[in-house]
Amino acid sequence: MKKLILIAAALVFGAGAASAQDMAQATETFNKGVEALQIGNNSGAVTAFKQALTIAQACGDEGADIVNDCKTYIPQLILATGQDLIKAGKYEESVAKLQEAAAAAKEYGNAEIEEKALDMIPQAYMQAANGLLKAGNVEGGIAQLQKVVAADTTNGKAFLMLGQVYSKINKKEEAVAALESAAKFGQESAANSQLANIYLKESQGLLKTSVKDALETALKSASYKETPSAYQIAGNAAYKLNQFADAANYFEKQVELAPTASSVPNTINTIATCYEKLGNKEKAIEFFTKIENDPQKGEYAKGRIAELKK
């Protein structure tokens, strides 16, 4: 019986000595990480802290402080490395490092660092896109922007840029889809302006080939943003289709939006003509009167007023 007790005591003593030895090793390794951190060697620090973490975890409660410190430092340092890579223009490498930081932060229960790392991934792609587009690499820029919106599906700025790029290379369907997403996610004003411009340009071309389609497309442009040009095309198309009431309405909106434009007297003259064709003498006289003192249209307007008053 005495022999068994002695053996048990020896085992307890041995376990205590091993634990103390492990703690000493964990502390030493952790300190190496601190030293590496102090001289700016983040990679070396992460390696040391990971080793210290593994050793300290085996020490149970005694190693808890080192475990907690390692779990705090590791994701922070990986994140810092990712940020440095972005600054250096090494975007693909930075994304890999940021993903590593997010994974480590998630494993160690650091939600703040995880969120920060994930937020920076689309930023890295965006900076890569900017650089490629400035260098004239359109396809490369588009590829990076697509990565942005894949990583952050509500990134209105990325969708807006994507729509602008697609518009420049005449990919209408892709441009419209991207710009509609941009409008949905906080870039409504800028996106709608771009959409209006896309349909305006299309309507200008259609006016020569399909008046009906030109009218519909011009009104589509105005649905995104009302502009004098959109209503001018709509007015001209409606006039050619003998839709004089609609034409007068569109031309009036054109004048309302650009009351000081040099084309206003001609537009008012056309409005008056529309009302004359509709048999509305009162409205025709009203609009001809607006330009009776105009140097170019005045004499004609006075003649029409006199004729209409008979």
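The largest pocket of this predicted model has a volume of about 190 Å³. A pocket here is an open set of points on a 1 Å grid over the protein atoms alone, where a 1.4 Å probe fits and protein lies on both sides within 12 Å along at least five of seven lines; lining residues have an atom within 4 Å of a point. The volume is the space filled by probe spheres set on the points, which are joined across faces, edges and corners.

Residues are numbered from 1 along each chain as its sequence is written. Because the model is predicted, local features need pLDDT of at least 70 and side-chain atom pairs count only at pLDDT 80 or more, while totals for chains, interfaces and linings use all residues; side-chain values use heavy atoms, with hydrogens and water left out.

Helices α7, α8 and α9 (188-206) each supply at least two residues of its lining, and α9 gives the largest share, five residues. Helices are DSSP runs of H or I with at least four residues, numbered from the N terminus. Among the lining residues are Ser167, Lys172, Gln194 and Glu202.

Asn170 also belongs to this lining, and its place is in the loop between α7 and α8 (172-184). Its phi is near 60 degrees, a positive value in a residue other than glycine. Most residues other than glycine have a negative phi. With a relative accessible area of 69%, Asn170 is exposed; exposed means over 50%, buried under 20% and partly exposed in between, using a 1.4 Å probe and protein chains only. Another loop, between α11 (228-240) and α12 (244-257), holds Asn242. Asn242 has a positive phi of about 65 degrees although it is not a glycine, and at 55% relative accessibility it counts as exposed.

Now follow helix α5 (residues 111-134). Its 24 residues reach 35 Å from first C-alpha to last, close to the 34 Å expected at 1.5 Å a residue, where the expected span is 1.5 Å times one less than the number of residues. Buried residues of α5 include Ile113, Ala117, Met120, Tyr125 and Ala129. An α-helix has 3.6 residues a turn, so residues three or four places apart point the same way. The cover over the buried residues of α5 includes α3 (64-87), α4 (91-107), α6 (138-151) and α7 (156-168). Just after α5, Gly136 takes a positive phi of about 90 degrees.

Finally, turn to the rings. A search of the whole structure finds nine aromatic pairs, meaning rings of Phe, Tyr or Trp (its six-membered ring) whose centres lie within 6.5 Å; planes under 30 degrees apart count as stacked, over 60 as edge-to-face and the rest as tilted. One of them is the tilted pair of Phe30 and Tyr73, 6.4 Å centre to centre with 40 degrees between the planes. Phe30 lies in helix α1 (residues 2-38) and Tyr73 in α3, so this pair ties together parts 43 residues apart in sequence. Phe30 is buried at 11% relative accessibility, whereas Tyr73 is partly exposed at 31%.

Tyr275 and Phe287 make a stacked pair, 5.7 Å centre to centre and 20 degrees between the planes. Tyr275 sits in α13 (residues 264-277) and Phe287 in α14 (residues 281-290), so the pair joins parts 12 residues apart in sequence. Both Tyr275 and Phe287 are buried. The charged end of Lys290 sits over the ring of Phe287, 5.4 Å from its centre; this requires NZ of Lys or CZ of Arg within 6 Å of the ring centre and within 35 degrees of the ring normal.

Terms used
Contact = heavy atoms within 4.5 Å.
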